[in-house]
Amino acid sequence: MRRLPVLIFFCLGLAGALSAQSYQVFADEYRRLTEQAFLRLGPLRLFPSLGVRDAGFDDNLYFGSDDGAPKKDFTATLSPEIRVYWPLRDVLILTFRENPEYAYFQRETRQRGFTNSYGAGFRSLLLRRFVLSGAFGNDVHRRRLSSEFQIPANDRVRSLEAGLSYETARKTSIGITGAFRRISYEEIRIDPADAPVSRLLDREEREIGAEAYYQLFPDGFLFLRGDLREYRFRDETAAWRDAEAVSFWAGLRFPLLGRIRGILNLGYKNFNPNRVGEPPFRGLVGNTGLDLRTGRLAFRLDFARDLVFSTYTDVFYFVENSWGAGGSLYLTSFLKIDYDYSGGTADYSERAAGEDSGNRVDRRRNHSLGLTVRVLRTAGIGIAWNSERWTSTLGSFDRARNFVGLTYTRYF
């Protein structure tokens with residue numbers, strides 16, 4: 001029984017490390033699976049993990065405005081996962097994953113519920129240089145999908161993906177990818193006067209892309225990617241939202257266990273609605289998160305920018321920006337204090353339609369203060385307080401939220 005906590009935390013850290021790799025050459029992945037698997041069942045390599053999200057007290061559960069009486073509740077989402085790999089003769093890797101989740105709400109019992117996600121895939125080495133891959137997934141999650149969602153909602157993504165890459169002896173790779181996704185939402189309304197979210201957002205996405213990876217050091221590489229994506233909304237009343245987008249990305253992924261960890265990822269997107277008169281978007285997009293550790297101090301930087309489809313009937317999309325900076329002070333080898341500040345905007349000004357959306361810009365700021373204890377190797381558990389505040393050019397959307405809860409980190 002004494003090995004059980006060790007097993008749980010080891011699997012948490014290892015599964016996280018493996019899933020964080022955006023690309024691995026076939027030989028490296030095969031070697032990791034055969035050498036690092038903690039659990040084995042015959043030829044199968046098993047990587048279990050246990051995740052916990054939003055475990056704590058929320059004083060504004062439904063993200064209501066300052067004008068209303070906010071709902072308060074204790075919440076937690078339990079998310080166990082198992083990933084199973086079957087490596088075969090240095091030329092084939094079969095995979096399967098299963099991820100049930102349970103969302104708990106102490107008072108708002110109608111929000112409780114199970115969801116389940118699963119998928120399978122393969123990677124095959126051909127002629128010692130070509131890697132053919134394929135995967136399917138059926139992923140369901142209960143969450144607040146954007147700043148417009150006051151109520152946690154279930155979203156389902158059914159996906160098919162395929163790729164063909166050429167790998168060199170220096171672990172450089174170039175390849176092409178394709179994907180099909182069908183995205184759907186449960187039948188909820190953000191506001192009783194608005195259309196159901198499913199009618200506005202249910203869609204199909206088709207994507208084709210090309211990518212290249214150049215390995216600079218173990219587990220770290222430069223990458224380039226370009227893709228063309230087509231959006232087709234399923235309800236005929238939302239067909240005016242159909243669009244196409246061309247994106248180009250470049251960046252650098254750092255090793256998972258180095259002094260600098262994370263990913264620098266910036267790009268350019270050209271988004272073009274099909275309906276004449278709808279505003280296009282051309283500009284910077286990104287998804288960057290970096291951690292720097294030096295002595296007793298650690299620093300964090302985050303930046304993200306992209307389009308988000310709106311749940312409002314007269315608005316196609318808004319541009320969401322977010323940025324953050326934070327640090328940690330290691331008081332001892334097993335105890336640290338964490339502080340993070342983040343801000344962001346939800347900019348509706350690209351869509352000048354209607355008095356309620358024409359020049360609207362929402363602004364967010366969040367302070368987080370926490371204490372974390374190392375429990376095993378690089379895993380840590382702590383408690384944190386988050387204070388979030390939204391203000392809007394439309395005052396009716398001003399709102400505040402505080403959350404006190406448990407935290408978990410794989411990299412203490």
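Biologist: Helices here are DSSP runs of H or I with at least four residues, strands are runs of E with at least two, and the numbering starts at the N terminus. With that settled, which loop does Tyr62 lie in?

Modeller: Tyr62 is in the loop between S2 and strand S3 (73–88). Bear in mind that this is a predicted model: local features need pLDDT of at least 70, side-chain atom pairs count only at pLDDT 80 or more, and totals for chains, interfaces and linings use all residues. Residues are numbered from 1 along each chain as its sequence is written, and side-chain values use heavy atoms, with hydrogens and water left out.

Biologist: Is Tyr62 buried or exposed?

Modeller: Buried, because its relative accessibility is 13%. Buried means under 20% relative accessible area, exposed means over 50%, and partly exposed is in between, with a 1.4 Å probe and protein chains only.

Biologist: What does Tyr62 touch, not counting residues up to four places away in sequence?

Modeller: Tyr62 touches Lys71, Glu108, Arg110, Gln111, Arg144, Gln150, Ile151 and Pro152 once those sequence neighbours are left out. A contact here means heavy atoms within 4.5 Å.

Biologist: And how far apart in space are Tyr62 and Lys72?

Modeller: They are 8.6 Å apart, C-alpha to C-alpha, and ten residues apart in sequence.

Biologist: Other loop, then. Where is Ser146 found?

Modeller: Ser146 sits in the loop between strand S6 (130–143) and S7. Ser146 counts as buried because its relative accessible area is 10%. Leaving out residues up to four places away in sequence, Ser146 touches Val308 and Phe318.

Biologist: Let's zoom out. How many helices and strands does the protein chain have?

Modeller: Three helices and 19 strands. The chain has 412 residues, and 46% of them count as buried.

Biologist: What share of the contacts with a separation of 6 or more comes from residues 24 or more positions apart?

Modeller: That share is 56%.

Biologist: OK, strands. How do S18 and S19 pair?

Modeller: Strand S18 (residues 379–392) pairs with S19 in the antiparallel sense, over eleven bridges. Two strands pair if DSSP finds at least two bridges between them. Six residues make the hairpin link from S18 to S19. As examples, Trp385 has Val404 in S19 as its bridge partner, and Gly382 has Thr407.

Biologist: What about S17 and S18, how many bridges join them?

Modeller: There are 14, and strand S17 (residues 361–376) runs antiparallel to S18. Thr372 stands opposite Gly382 there. This is a hairpin too, with two residues between the strands, and Arg377 in the turn has a positive phi of about 50°.

Biologist: Which strand pairs with S19 over three bridges?

Modeller: Strand S2 (residues 44–58) does, also antiparallel, and S19 covers residues 399–409. Within that pairing, Asp58 is opposite Phe403.

Biologist: New topic: the largest nonpolar core. Which residues touch the most other members?

Modeller: Leu201, Tyr231, Phe271, Phe281, Phe309, Phe316 and Tyr317, out of 23 residues in that core. A nonpolar core is a set of buried Ala, Val, Leu, Ile, Met, Phe, Trp, Tyr and Cys residues joined through side-chain atoms within 4.5 Å. Apart from it lies another core of nine residues, including Phe26, Ala37, Ile93 and Val131.

Biologist: How many aromatic pairs does a search of the whole structure find?

Modeller: It finds 21. In the pair of Tyr213 and Phe221, the ring centres are 5.2 Å apart and the planes are at 80°, so it is edge-to-face. Rings of Phe, Tyr and Trp (its six-membered ring) pair if their centres lie within 6.5 Å; planes under 30 degrees apart are stacked, over 60 edge-to-face, and the rest tilted. Both Tyr213 and Phe221 are buried.

Biologist: Which residues do ring pairs link into a cluster?

Modeller: Tyr231, Phe233, Trp240, Phe271, Phe309, Phe316 and Tyr317.

Biologist: Last one: which ring does the charged end of Arg360 sit over?

Modeller: The ring of Phe397, 3.7 Å from its centre. A charge sits over a ring if NZ of Lys or CZ of Arg is within 6 Å of the ring centre and within 35 degrees of the ring normal. Lys336 lies over the face of Phe412, 5.3 Å from the ring centre.
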